[in-house]
Structures are given as C-alpha cells and as structure tokens.
Amino acid sequence: MDADGSPPPPPPLRVVIFPWLAFGHLLPYLELAERMAARGHHVSFVSTPRNIARLPAPVTTSAVELVALPLPRVDGLADGAESTNDIPDDAQGLLMEAFDGLAAPFADFLAAACADDGGGGRRPDWVIADSFHHWAAPAAARHGVPCVALLPSAAVMAAWVVPPPATSSSSSPAAAMPSYEWEKLKARFLAAATSHGSSSPASSGGMSLATRCSLTLERCTLAAMRSCVEWEPEPFRAVAAGLGKPLVPLGLLPPSPAGSRRRRAVAGEEDDDSTNPLLRWLDAQPPSSVLYVALGSEVPLRVDQVHELALGLELAGARFLWALRKPRSSSAASAAAAAAAAILPPGFQERTASRGVVTMGWAPQIAILEHAAVGAFLTHCGRNSLVEGISAGNPLVMLPIAGDQGPNARLMEARKVGLQVARDGADGSFDRHGVAAAVRAAIVDEETRKVFVANALKLREVVADEELHERYIDEFIHQLRLSSPTYLASS
C-alpha cells in the first residue's frame, strides 16, 4: 500500500500494435497508441520503414516506440511500395505476399522483446494485430503473450460472415447486399489470394482474406473493434452475440488535432490552411451550399464512371468542390490539371466554372467538411471519411466502390443521414440521373435535406462525445488487464 493506505496504482501495460499496411488502418490505430500512451502505458507501434517515415513523431514520444520492420522485396512490387496507397488495386496480392514476409522479422522482434524481460522490461503484455495478421498470434503465443484481433466494422462483420441473399426480407443492413457486391466479395474476400492477378497462388499459399481473418480471430484471446453500440447498434450487438469470444469496443477513435496533422503529413502537405485556395474559394460561397465530393485515394473510378458522376453534378445544379483522385503516375500540379482535363467530360469544367471546382491535388478534408459553406458530402463510405463527415454534421450522398464501403453505406442509409446513389443491382453501374437525384435530395430539396441534417446532427453527438470515446479506451485497457495472465501475475 501507499503511504496513505491506498493500494498502489496498477503497473502500466506494455503492448505491441501492428496494423495492416494501409493508412486507413495505420492512422486510427496510431491514435489508439497515443491514447493508451497518454494513460501511462508503453506502446510499440509496428509497421514498415516508409510507412513509419510518413508518420510524424507521436506526441507522447517517450511512451510510443515506432518499430520499422523492412518489407521483403517481391518481384513485381514497385520499390518503395509499402502501403495500399502506393499500389494499384490489381497489385494487392503482391503487397500481401510481401506482407507475409514480415512474419519472421516480427517473430524475431517479439523474441528479442521477451528475452529482454529481465533487463529493460520490454516484454509485452499484449500483441494487438489487424485481422490479416494470422501469423502474429502464434508468434506471440510462443512467448506466452496473448493477442487481440482488430476487426472491421460491425456492419461489415454482420454482412460478410454469413451474407444473406439480396432477396431476403430482413430489414438489417446486411440483408440488402446487392448481387454485384456479393460477386465482388467472393472475388476479393473469399477467393484465394493471387500475387499477379492470375490463378497462381501467392507465396502465402493462396490464402483468402476470409481464411486469414478466421485464423486470426481463432488464435486471439480477445477481439476489438473501432466502433461502438452508439454508432452501429444492431450490427454491433449481433456480432458481439455471435463472435464466440469477447468483443471490446474501442469507440470511433476520431482524429485528435495531432491525428489531423498526420493526415497532412502522409500527403506531404504543410499544416497551414491560411493560404489554401480551396478554403478561400469556399469562403466566397453561401452557407451550406456546396457539395464536397471525395471518393478516397485507393480505388479510382473508371473514366466512364467519372463522366457520369461529373454530368450528374452538372445536372444537379448545386455548387460542388470535387477532390478527384490524381493518377499515380502524376505528381506535378500542371500534370494533375492536364490529367483532370483528360478524364473529365469535354467542356465540363468550362460549363461549371461559376459554381464548381475540381482539384487533383491535396484537399484538406477535415477543414473542408467543417467549413460553413459545405452542406453535404458525396463519399465512398470508407470508415475514416464517414467519421469525419458525420463529425461535421453533413448529410451524406453515398457511392460505395469496394471493400467495406457497401455495408458502411447501408448502415448510414438505415440511420437516415443520407442516401445512396441509385445503382444497377446486377452490375453496380450508375448514371448521371441517379447522381443528380441523390445530390438534389441531400443539398437542394429542403424537405428531404431537413431529415438528413437532423439525423446527421444526432449521430454527430456520438462522434463528438469525447467522454464516451475516452471511456471506451479505459474499458479496453481494463479488459486487457483482466485477461492477461502474465500481467496479473506481475501486478
């Protein structure tokens, strides 16, 4: 006991966090590392050298150790390609093959940390790894260290674990999966991985993403999710009930000011909005009049889809600011402008110049979404973008493209914070008329917009509830303490 008779505080945890090689994972889980470190715990945050170099030093530098494990070379994977942001979509198999080559270096890192237990006290109490890291838990188990599996959102888990047919009469978001999304899911998540887009399996043994996730979950002691029941009530409860092991919510991990700076650092931009031309253009627009359009940086639209989206924006008649994805081969501003002209419909920029801006450079998304002139957000429904959009209280126009975006979009549509662009259920195609109708409903038509705004503001209360999210971090740490035999034995 302490001098005043009270029990001493429990010793700090030592954890290893190893996210998947995508900045949509790296950034929020670095936020988790920061929040744990701010409570006095020591975190080793593991990734590859180039990914680590693109992250500015954590604020709590003494308690967050950035660990860079060199990514093995793989034939066909470009030099310096260490994240999903560095590669075209058809090179995902190559990145996964290189990623599996991290299993041995990660095992060596853990062995060294555990061997140093008697000296520097580096032995981790937990390994927290993303759901693709099926080899992380066995490596940790060899040293008696338990593992936490980081899962995708509850909407995704509910939709993908046992996807119901599109004709199901269920009212849950999972039940509405269209056939084109199911076909993509089978090809991307359930099929065996290939390294070169062919039928030849990668060196990982042709393991499907579904098998990876299943093995990771099976081998871990706990599961954790960047979510909470306030954000996705029915899916979270359903997944927690059917998972077969404890599911711990992490809250939404909304970006702190330091987290916002990290997003800028990843894009190579300075932390200064005062001279940003996009924000200065917004300053000149009426309140809540501009649709912000951003569909992520990793899965581009085809040129014909870009044309339909552009012509839909033109038909809708609303002001817009469009962050159009820059081709990977183009970096200079002049090249970006030329690329925009090449992929947009002829004459589009001239016809819409009085009310719209298209940029292929960096767009400060959080600052744009929070600007008073922005009245709605046309998004692909990546998790980070959803949290940022709802944080600003913006109604959503949703155009999911790949991955977890379809379930996320259905979740938001069920919560009536916006609507999806109408799609063909068989092939997923959309046209200018569907785009225009959705945009008008979100930002032009006062009756429908009023409903979306009211519900977006309600959901914003969840994102903005700092006490709620801090409590989830505290409860996660409490669960780690209760579930670690080695920690309990040493405390």
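Trainee: Are the faces of β4 covered, or are they open?

Mentor: This is a predicted model, in which local features need pLDDT of at least 70, side-chain atom pairs count only at pLDDT 80 or more, and totals for chains, interfaces and linings use all residues. Residues are numbered from 1 along each chain as its sequence is written, and side-chain values use heavy atoms, without hydrogens and water. Buried means under 20% relative accessible area, exposed over 50%, and partly exposed in between (1.4 Å probe, protein chains only). Strands are DSSP runs of E with at least two residues, and helices are runs of H or I with at least four, numbered from the N terminus. Both faces of β4 are covered: Trp126, Ile128 and Asp130 are buried on one side, Val127 and Ala129 on the other.

Trainee: Which residue stands opposite alanine 129 in β5?

Mentor: Two strands pair if DSSP finds at least two bridges between them. β4 and β5 (residues 147-151) run parallel over four bridges, and alanine 149 is the residue opposite alanine 129. Four bridges also join β4 to the parallel strand β1 (residues 14-18), where phenylalanine 18 faces alanine 129.

Trainee: How is a pair of aromatic rings described?

Mentor: The distance of the centres and the angle of the planes describe it. Rings of Phe, Tyr and Trp (its six-membered ring) pair if their centres lie within 6.5 Å; planes under 30 degrees apart are stacked, over 60 edge-to-face, and the rest tilted. The count here is 11 aromatic pairs. Phenylalanine 18 and phenylalanine 99 are edge-to-face, at 6.4 Å centre to centre and 65 degrees between the planes.
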